[in-house]
Amino acid sequence: MKTQYIGKPVSRVDGLAKVTGTAKYSADFKVEGMLYGYIVSSSIAKGKMMSIDTSQAMALKGVLQVFTHENVSGLPWFSIKYKDMDAPTGSPFRPLHDDKIVYSGQPVALVIAETFELARYASSLIEIAYQEEDFTTDLIKNLGKSYKAPSGKIGFVQPKSRGDAEDAYEQAEFKMSGSYEHGAEHHNPMELFSTTAIWENGKLTVYDKTQGVSNCQFYIGNVFGLAYKDVRIISPYVGGAFGSGLRPQYQLFMAVLAALELKRPVKVGLTRQQMFTFGHRPVTTQNVALSASADGTLESIKHEAFSETSRFENYTEIIVNWSGTMYNCDHVKLKYDLVGLDMYTPVDMRAPGAVTGAHAMESAMDELAYELKMDPLIFRLKNYADEDQTEGKPFSSKELIACYREGAEKFGWTKRNVEPRSMREGNQLIGWGVATAAWDAFQMPSRAKALLSIDGKLEISSGTSDIGTGTYTIMTQIAAESLGLKIEDVTFKLGDTNMPIAPLEGGSWTAASVGSAVKGVCEDVKKKLTKMAVKTDGSPFYRADKHDLSFDSGYISDVNDSSSNISIVNLMRLAGVNSIEETSTSGPNPLNKMKYTFNSHAAVFAEVKVDEDLGIVRVTRVVCAVAAGKILNPKTARSQILGGVVWGISKALEEESKMDHQYGRFMNHNLSEYHVPVNKDINDIEVIFVEEKDDIVNPLGVKGVGEIGIIGVAGAIANAVFHATGVRVRNLPITMDKVLQIAEDDKNQVAVQG
Ligand code: MOS
């Protein structure tokens, strides 16, 4: 069928609101009589508060209250009440619960005043006496205390081994082994976390920055003992989140607490520094060992990962499992352990786990290719997995070969010299690297509501969110397409618990999940209209065969004769119907899920230029070829991949939250010292979407593109750096000092051996 809107580069329907400033974010909501909160953070990493003196702050005119563990009561004792939909196993952190300090930056007091400035000033007058205890925040130093990562977090699956990888590794002719380290990262969205809470007539209305209004409703209801129906969470726009908004953040708790206690509207936001105090992409160390026979057949894969978590929760993500699925190999040994440290629990960050695991595995594949003296792309193709060997299932679709082919062609891969340090431009060493990426194509149960009015306008709503991904736009496209309406006549609304329930916006599953619900509900409306068309006396289709009707641009017509038609508006008038309202639920097909593995894939090609004398790495070109099923909107989808690639460059070369282990605190907790790329760091990025038809994954055939774009980038860059310099930096970010140091070490080693 020819499509009108699906697959078309429709511009963002929320674009005008955003660029003109009419789009309201959580901190933009103002109400009469609003109070402002400022949060005081712990200055120690572990111990106890012996005393907390708020008298000077309280003495200021305009300060209404300072909430601390000493004056907050009536909250649930059991930590299970603080569990949210994205919580890992363990006991969630409870703000202002007791005198214990469990991490540096922990919120210990909330000052409420008539103005923000006053609250902030008053917070500086609070004196806390601490008794410090020994703590440790260093993953590498505590590897001996690791334990098996438990199951229980949404999306987490235990790694599965097969065959005898140890033995196969011993026997093999060609092998490599390496350890790969990743520093911590913080999400750092432009918009800071902020909550406005209003308590009125026994009802709570909360404007919050979140990736899941229902999750916040559930959390607030449980923590404060309120009926869910009395808690309304609203979040129409989110200025970036990247996973940080999957869990309710502590300013939400704080704002609601104060609003309930003081019976006044309260706004509480975090500072940029406090954005470094609630979860991050965890530090990990990974060991990978691979072996192959002389013809390049992978004989064994060993991949183990150690990841940090807090003492109170077991944050898990899928790091090593991908290595068992990406390539054909009969002997695979996977392991994933956690180490509890005195810090806050890590939280999902764009492609959690996959980014980390793929960097190690794809670097290792590159290393083994050099051992084999094989082109790294040919080596990957040699071991290409047509089926998911981990689960013993076919993929619903997998056009990764097309990604390799189209990506390589666009990049000019065949012109690559295999030898490292063999391509240069003056003192710039040129390197080309490739890496592969995979991500899950999830679908979660979702609901959507349709309201078609007599004026021909359709309003669709679902309590999902749009963190900048384009949800507003693609849902509008799906609805217009499904019901044959002009796109201008469709409005999509989201981000309100009064709307039908949707899952957290994460895991790249929103397009498939909410999209299927939107399509489903529009089809229900279409059925009603069809019935109306054939049952209403005076309609051109009165007593006609309902299969012969088509919907286009607000008209219902005969598929064989478009001159016979009626507008939806006229039909509704004729039938005496003022509006049509439908709500429906869509979810994954469990049978298909049992039979198939659903994955999206990508191949990333990167070019770097490395200053031979200074070790400065520049990424000059990236081609990212993606197979993610049907692309609903090539414009917004491309932006998702571009964003992923930019972040991948950042992760490979710049980004790291540095922990000062003496204080147990992240040192560079601001945007001047937390390095991210600027325009000058970003050069050519080419995005390719390969054709991938998938009738199994979900009714729309979409796999989601929020995360697949970042996954292979760091590996491709690391491999390109090796190709350019002959220096293998296994520790991210690849900064100039590491490039030079390893080059120096290699030289010395050669000298010693020579
Ligand atoms: Mo994403 S880390 O699931 O927001």
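**Chatting about a predicted protein model**

Biologist: How much of the accessible surface of this protein belongs to carbon and sulfur atoms?
Modeller: Keep in mind that we're looking at a predicted model. Its accessible surface comes to about 29600 Å². Of that area, the share belonging to carbon and sulfur atoms is 50%.

Biologist: What share of the 754 residues is buried?
Modeller: A residue counts as buried when its relative accessible area is under 20%. Go through the 754 residues with that cut-off, and the buried share is 61%.

Biologist: What radius of gyration does the protein have, next to that of a compact globule?
Modeller: The C-alpha trace spans about 95 × 75 × 50 Å along its principal axes. A compact globule with 754 residues would have a radius of gyration near 27 Å. The protein agrees with that, as its own value is 28 Å.

Biologist: How many helices and strands are there, and which strand holds Ser 600?
Modeller: The protein has 18 helices and 34 strands. Ser 600 sits in the one covering residues 599–611, which is strand S29.

Biologist: Is Ser 600 buried or exposed?
Modeller: Ser 600 has a relative accessible area of 0%. Buried means under 20%, so Ser 600 is buried.

Biologist: How far apart do the centres of the positive and negative side chains lie?
Modeller: There are 79 positive and 92 negative side chains. The centres of these two sets lie apart by 4 Å.

Notes:
Residues are numbered from 1 along each chain as its sequence is written. This is a predicted model: local features need pLDDT of at least 70, side-chain atom pairs count only at pLDDT 80 or more; totals for chains, interfaces and linings use all residues. Side-chain values use heavy atoms; hydrogens and water are left out. Helices (H or I, at least four residues) and strands (E, at least two) are DSSP runs, numbered from the N terminus. The radius of gyration is taken over C-alpha atoms; the globule rule is 2.2 Å times the number of residues to the power 0.38. Buried means under 20% relative accessible area, exposed over 50%, partly exposed in between (1.4 Å probe, protein chains only). Accessible areas come from the Shrake-Rupley method with a 1.4 Å probe; for residues, only the protein chains shown count as cover. Lys and Arg count as positive and Asp and Glu as negative; His and the chain ends are not counted. The place of a charge is taken as NZ of Lys, CZ of Arg, CG of Asp or CD of Glu.
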